[in-house]
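Q: I have a structure open and would like to learn how to read its features one at a time. Where do we begin?

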Amino acid sequence: MAPHRITAARPLPGGEPDGDRWSVTWTGAAVMGVVNVTPDSFSDGGRFLEIGPAVAHGRQLAADGALVVDVGGESTRPGAQPVGVTTEIDRVRPVITALVADGLLVSVDTRWAEVATAAIAAGAHIVNDVSGLADPDMAAVCATSGTPVVIGHMRGTPATMQLDPTYDDVVAEVTAALREGATRALAAGVPSVLVDPGLGFGKTTEHNLALLRALPLAIEHPVVIGASRKGFIGRLTGATTPAERDAGTLAAHLVAAERGVALVRAHDVASHVQALAVLAALVD
Ligand code: PMM
C-alpha cells in the first residue's frame, strides 16, 4: 500500500524535514484518538470537561497508540447548537497546550477559524474541520500558519443536518464536494489536505453504508473515516448506548482500513491499534 503523508510548514512531532516543509509519513491506517472537552457530545459528553481528565485521557490515547490526538470543544451531535468561540477556545486551549508540550501530534476539531487560530497558537498541528471550510476564513488561517487541514463533508449544520438528508447520488455528491474543498484549500496555500466523507453529518444509515462501500473514494488525498460509536452503528446492531458500539465501530473501521483509508477516528484506541496490527499482518 502507498504511504500516507501529512505536510506542514512547521515541525510535526514524529515527522521529518521535507524540503522547506515537514512531513509525517505512515503506511496502513493509523488512529486519530478523540478527546471531547464538552458536556454534551453524544459519545463521551461530560467525561472530559475538566482540563486534568481531558489531558490525562489524551495522554492515554497516545500511549495506546494513537498517531493523532483530536481535541474538540463543541459537540457536533445532531441537534447541537454552537457554544460560541470563546467557550470553545477556553475548553480546548489548555488541553492542546499540555498535549503539545508532551510532544504529541495534536489536531483541533473545530468549524471556526477563530478557534483554529487560537488552537494553532497553542501548538495544534492539524485542523480537523467537519464543516469542510464553511467558515470563509478557515482556509486562510490554515494557509498562513502552514497547517494541514481535514476537510469533512457535512450537509447543513449540526442543528439541522439530520432533518431528512437527501441526495441523488451520495457518493458522487460527497466526493465532488470534497474535491472542491481540497482544491480551494490548496489554492489558498494550505500545505496539505485530508478528506473525510463525514459519516452521520447529514446522512442516513443507508448514506453512511453507501460511502463506506464506495471506499476507496476517487480522490487523491488521504482519507479519514469516523464511524466511532455513531447512531448508524447502533441502528445496525441494536447497541443503544454509544459506549456499547465499539465492536461495531471496529468492524466498519477495519473495512475502511483494508480499503486504504489513512486515519480512523476512534474513541477506543487500544482495540483499534490491536486490530489494525493484525490487519497489517494479513494484507499487503
Ligand atoms: N465525527 C465527530 C466529530 N469530529 N471529525 C472527523 N474528521 N470525522 C468525523 O466523523 C467526526 C469528527 C462526531 O463524533 P464525536 O462527538 O464522538 O466526537
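A: This is a predicted model.

Q: Which residues of α4 are buried?
A: In general, an α-helix has 3.6 residues a turn, so residues three or four places apart point the same way. In α4, the buried residues are Met138, Ala139, Val141, Cys142, Ala143 and Ser145. Because six of the eight residues of α4 are buried, the helix is largely enclosed by the rest of the structure.

Q: What follows α4 in the chain?
A: Gly146 comes after α4, and its phi is positive, near 70°.

Q: Which strands does α4 make a unit with, and of which hand is that unit?
A: Helix α4 (residues 138–145) forms a right-handed β-α-β unit with β7 and β8. Another right-handed β-α-β unit is made by β6, α3 and β7.

Q: In what sense do β7 and β8 pair, parallel or antiparallel?
A: Strands of a sheet pair through backbone hydrogen bonds, either parallel or antiparallel. The pairing of β7 with strand β8 (residues 149–152) is parallel, over three bridges. Asp129 has Ile151 in β8 as its bridge partner.

Q: How many bridges join β6 to β7?
A: Strand β6 (residues 106–109) and β7 run parallel and are joined by three bridges. The partner of Ser107 in β7 is Ile126.

Q: Are the faces of β7 covered or open?
A: In a regular strand the side chains alternate between the two faces of the sheet. For β7 (residues 126–129), both faces are covered. Ile126 and Asn128 are buried on one side, and Val127 and Asp129 are buried on the other.

Q: Which strand has Val108, and what does Val108 touch?
A: Val108 lies in strand β6. With a relative accessible area of 0%, Val108 is buried, because buried means under 20%. Leaving out residues up to four places away in sequence, Val108 touches Asp70, Val71, Val92, Ile96, Ala119, Ala124, Ile126, Val127 and Asn128.

Q: How far apart are Val108 and Arg93 in sequence and in space?
A: In sequence, Val108 and Arg93 are 15 residues apart. In space they are 9.3 Å apart, C-alpha to C-alpha.

Q: Which residues touch the most other members of the largest nonpolar core?
A: In soluble globular proteins, nonpolar side chains tend to be buried together. Here the largest nonpolar core has 65 residues, and Val71, Ile96 and Val149 touch the most other members. Helix α3 (residues 113–121) gives the largest share of this core, six residues.

Q: What does Val71 touch?
A: Not counting residues up to four places away in sequence, Val71 touches Val35, Val37, Val92, Val95, Ile96, Leu99, Val106, Ser107, Val108 and Asp109.

Q: Which strands are joined to β11?
A: Strand β4 (residues 30–36) runs parallel to β11 and is joined to it by four bridges. Within that pair, Met32 stands opposite Arg265. β10 is also parallel to β11, with two bridges between them, and Ile225 stands opposite Val264.

Q: Which residues lie on each side of β11?
A: Leu263 and Arg265 are on one side of β11 (residues 263–266), and Val264 and Ala266 are on the other. These residues are all buried, and both faces of the strand are covered.

Q: Where is Ser228, and is Ser228 buried or exposed?
A: The loop between β10 (224–225) and α7 (231–237) holds Ser228. Ser228 counts as buried because its relative accessibility is 2%. The side chain of Ser228 makes a polar contact of 2.7 Å with the side chain of His267.

Q: What is the strand order in the open sheet of three strands?
A: The order is β1-β3-β2, and the pairing is antiparallel. β1 (4–8) and β2 (16–18) are the edge strands, each pairing on one side only. From one strand to the next, the twist averages 40°.

Q: How many bridges join β2 to β3?
A: Three bridges link β2 and strand β3 (residues 21–26), which run antiparallel. Glu16 stands opposite Ser23 in β3.

Notes
Residues numbered from 1 in each chain as written. Predicted model: local features only at pLDDT ≥ 70, side-chain atom pairs only at ≥ 80, totals over all residues. Heavy atoms only, no water. Buried < 20%, exposed > 50% of the residue type's maximum accessible area, 1.4 Å probe, protein only. Polar contact = N/O pair within 3.5 Å; in protein donor to acceptor, adjacent residues only side chain to side chain. Core = buried A, V, L, I, M, F, W, Y, C linked by side-chain atoms within 4.5 Å. Contact = heavy atoms within 4.5 Å. Pairing = 2+ DSSP bridges. Right-handed = clockwise from strand over helix to strand, strands pointing away. Axes fitted to C-alpha atoms, helices over the stretch in contact; angles between N-to-C directions.
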